[in-house]
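Subject: Structure handover

Hello,

Here is the structure I promised to pass on. Please open it first, then read my notes below.

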Amino acid sequence: MTLAVALPWSVYNATAGGKDAPAQETNAEQLVAKEDPAPPKAEQEDGAESIDEKTPDQPSSAHLLADPKPLSDAVKKGLAWLASQQLENGGWGQGEESLQMRGNQNKKNQLADTANVGDTSAAALTLIRSGSTPSSGKYDVNLRKAVAYVCESIEAADDKDLYVTKVRNTRLQAKLGTYVDTFLAAEMLSEVKGKMASDKANERVEQCLNKVIKKIEAHQKEDGKFGGRGWAMALNDALANKAINRAAQAGAVVDRASIEKARKNATALSAPASPDGRFAAAEGTAGIELYGAANSVSGQREVDTTYRQEIEKQRDNIRAVLEEARDKAGEDEQGKAIKAQADQTLKQLDDAGGDIKASKQIAESVKELTLQLSASSAIELEAEQVEGLVTFGVTNTLWADNHSNLEVAQKAVVTRFDDDRFVAGFGNNGGEEFLSYTRIGESLYLGGGEAWETFDKKMTESLTNVQNKDGSWSGHHCITGRTFCTATALSVLMTDRMHVPEELLEAARAELVEQDGPEDQPEEAE
């Protein structure tokens with residue numbers, strides 16, 4: 001993962017009240033200056049438990065290392081149906097829709113059998129989740145054709161606007177948002193990055209992904225939105241947030257400012273800090289709390305994963321920088337202070353794990369050490385080392401703040417899932433509901449514990465009961481097309497097969513070693 005941003009000493013000097021640092025117009029400085037502080041305790045609702053006053057409840061992540069559930073007969077039937085609907089050009093159309101949908105009365109909707117990037121990307125993402133890649137697995141040929149279709153469409157798209165397709169007025173565009181194809185394509189390309197059957201194909205995917213990410217960054221507004229029109233655009237934003245973060249997690253160059261805008265968008269729809277908090281019925285939710293909840297939990301979880309992945313990747317390099325700073329420090333007062341600060345930070349790194357408080361302490365320690373180093377003429381570190389040190393500190397702060405908000409939102413969504421009206425969304429099944437379940441399920445799975453197990457059991461029973469005899473799923477309002485409904489329903493049923501970055505798996509292994517020792521660990525899925 002590469003977050004394209006420079007973080008000089010002046011970032012810390014500016015936030016710590018320091019001086020003597022030149023003013024620099026960097027994204028990082030703008031980011032830190034605009035970072036919203038956590039709400040003070042006085043603003044919390046009566047009886048709400050402060051996140052900062054408790055040790056975070058972090059269920060074991062052992063389940064991330066275990067084999068996923070075997071594919072059920074219902075899932076296998078659904079996958080076979082979905083693959084059978086692929087068109088000759090490699091894409092998928094909307095598929096059969098309700099005759100009650102506007103444009104379908106008394107005639108067949110011509111877009112049903114017209115390939116489009118959004119439905120194609122959704123279908124491909126589902127086939128990937130089943131265990132196939134473009135170079136292996138039961139649906140490898142389907143995936144190669146799908147990727148080729150999406151890449152061809154992206155290559156033909158203008159560099160300046162946000163479209164990646166010439167197909168207009170699809171049901172996904174009307175209901176989720178004008179540029180939904182762009183975000184689904186970015187997510188799909190991130191999933192197949194480096195997994196194509198040839199170097200040439202991998203290069204093509206990378207070029208297309210980079211093009212799409214640049215378009216996304218260029219059109220993203222300060223509030224994390226993208227403009228355009230749609231009925232439930234909060235879900236469109238959730239797709240955008242997923243695309244941005246998944247691209248970063250897959251190693252694409254993504255500006256940190258874009259990650260933070262996505263986080264701002266997700267946080268705006270979050271629940272208040274109370275056990276029975278409701279999610280904001282904000283613009284873009286169509287008045288449906290489920291859609292806002294899916295955006296909030298999913299967006300904050302994606303940012304959580306992105307920053308946690310970055311922290312894990314940087315940890316060893318930062319340890320080396322701290323050790324070098326300590327070794328180069330002299331025996332004068334300033335040198336002794338630097339040694340003590342470096343030793344303290346090293347110990348905090350060893351003790352941190354996934355604890356929020358530890359992450360905040362690390363950020364403060366790194367900030368203090370950076371200021372001490374900037375005032376010392378006896379120690380010279382490479383500019384890249386200093387930048388890495390500051391980046392690490394800022395990332396720890398952002399991760400801790402986001403994780404605190406995520407815990408509140410996730411606790412709220414678990415509570416709200418006891419309310420059938422909340423779960424029903426609009427009132428009956430549509431593609432929007434299936435998409436919401438997908439995004440909420442992914443967050444709960446990465447969080448683990450009873451909340452995930454309860455969700456998985458409930459969704460498995462509910463979705464299996466409404467599957468069509470031919471293996472597909474239909475929607476009964478808004479997004480009724482069988483392609484998207486089937487793809488998203490299947491994705492929910494296969495949530496435990498979602499991609500988990502290696503850094504999070506390493507953290508899970510370390511957690512098991514710390515808790516149980518090297519023996520009796522679950523076998524990890526290949």
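I will start with a pair of helices. H9 and H10 cross in a left-handed way, left-handed meaning that the near helix is turned anticlockwise from the far one by less than a right angle, and right-handed that it is turned clockwise. H9 covers residues 233–249 and H10 covers residues 256–268. Their axes come within 10 Å and cross at roughly 145 degrees. Axes here are lines fitted to C-alpha atoms, for helices over the stretch in contact, and angles run from 0 to 180 degrees between N-to-C directions. On the H9 side, the contact is made by Asp237, Asn241, Ile244, Asn245 and Ala248. On the H10 side, Ser258, Ile259, Ala262, Asn265 and Ala266 take part. Contact means heavy atoms within 4.5 Å. By class, the contact of H9 with H10 has 5 nonpolar, 4 polar and 1 charged residues. Nonpolar covers Ala, Val, Leu, Ile, Met, Phe, Trp, Tyr, Cys and Pro; charged covers Asp, Glu, Lys and Arg; the others, Gly among them, are polar.

Before going on, some ground rules. This is a predicted model, with local features needing pLDDT of at least 70 and side-chain atom pairs counting only at pLDDT 80 or more, while totals for chains, interfaces and linings use all residues. Residues are numbered from 1 along each chain as its sequence is written, and side-chain values use heavy atoms, with hydrogens and water left out.

Now the overall picture. The protein has 19 helices and 2 strands. Both are DSSP runs, numbered from the N terminus: helices are H or I with at least four residues, strands are E with at least two. Of the 526 residues, 56% count as buried. Buried means under 20% relative accessible area, exposed over 50%, and partly exposed in between, with a 1.4 Å probe and protein chains only. Among contacts between residues at least 6 apart in sequence, 76% join residues at least 24 apart.

H7 covers residues 180–192. H5 passes H7 in a left-handed crossing. Val147, Val150, Cys151 and Ile154 of H5 meet Ala185, Met188, Leu189 and Val192 of H7. By class, this contact of H5 with H7 has 8 nonpolar, no polar and no charged residues.

Each of these two helices holds a serine worth a look. Ser153 lies in H5. Ser153 is buried, with a relative accessible area of 15%. Its side chain reaches the backbone oxygen of Val164 at 2.6 Å. Beyond four places in sequence, Ser153 is in contact with Val117, Val164 and Thr165. Ser190 lies in H7. Ser190 counts as buried because its relative accessibility is 2%. Leaving aside neighbours within four places, Ser190 touches Leu209, Ala243, Arg246, Ala247 and Ala250.

Next, Arg439 in helix H16 (residues 431–447). At 4% relative accessibility, Arg439 is buried. A polar contact of 3.3 Å joins its side chain to that of Glu442. Such a contact is a pair of N or O atoms within 3.5 Å; within protein, one must be able to donate a hydrogen and the other to accept it, and residues adjacent in sequence count only if both atoms are side-chain atoms. Not counting residues up to four places away, Arg439 touches Glu187, Leu239, Lys242, Ala294 and Ser298.

Ala325 is in helix H11. Ala325 is buried at 1% relative accessible area. Its contacts beyond four places in sequence are Ile338, Leu373, Ile379 and Leu381. Ala325 and Ile338 are 13 residues apart in sequence and 7.5 Å apart in space, C-alpha to C-alpha.

Last, two loop residues. Most residues other than glycine have a negative phi. Ala286 has a positive phi near 55 degrees. Ala286 lies in the loop between H10 and H11 and is partly exposed at 32% relative accessibility. Cys478 also has a positive phi, about 55 degrees. Cys478 sits in the loop between H17 (449–465) and H18 (482–493) and is buried at 10%.

Best wishes
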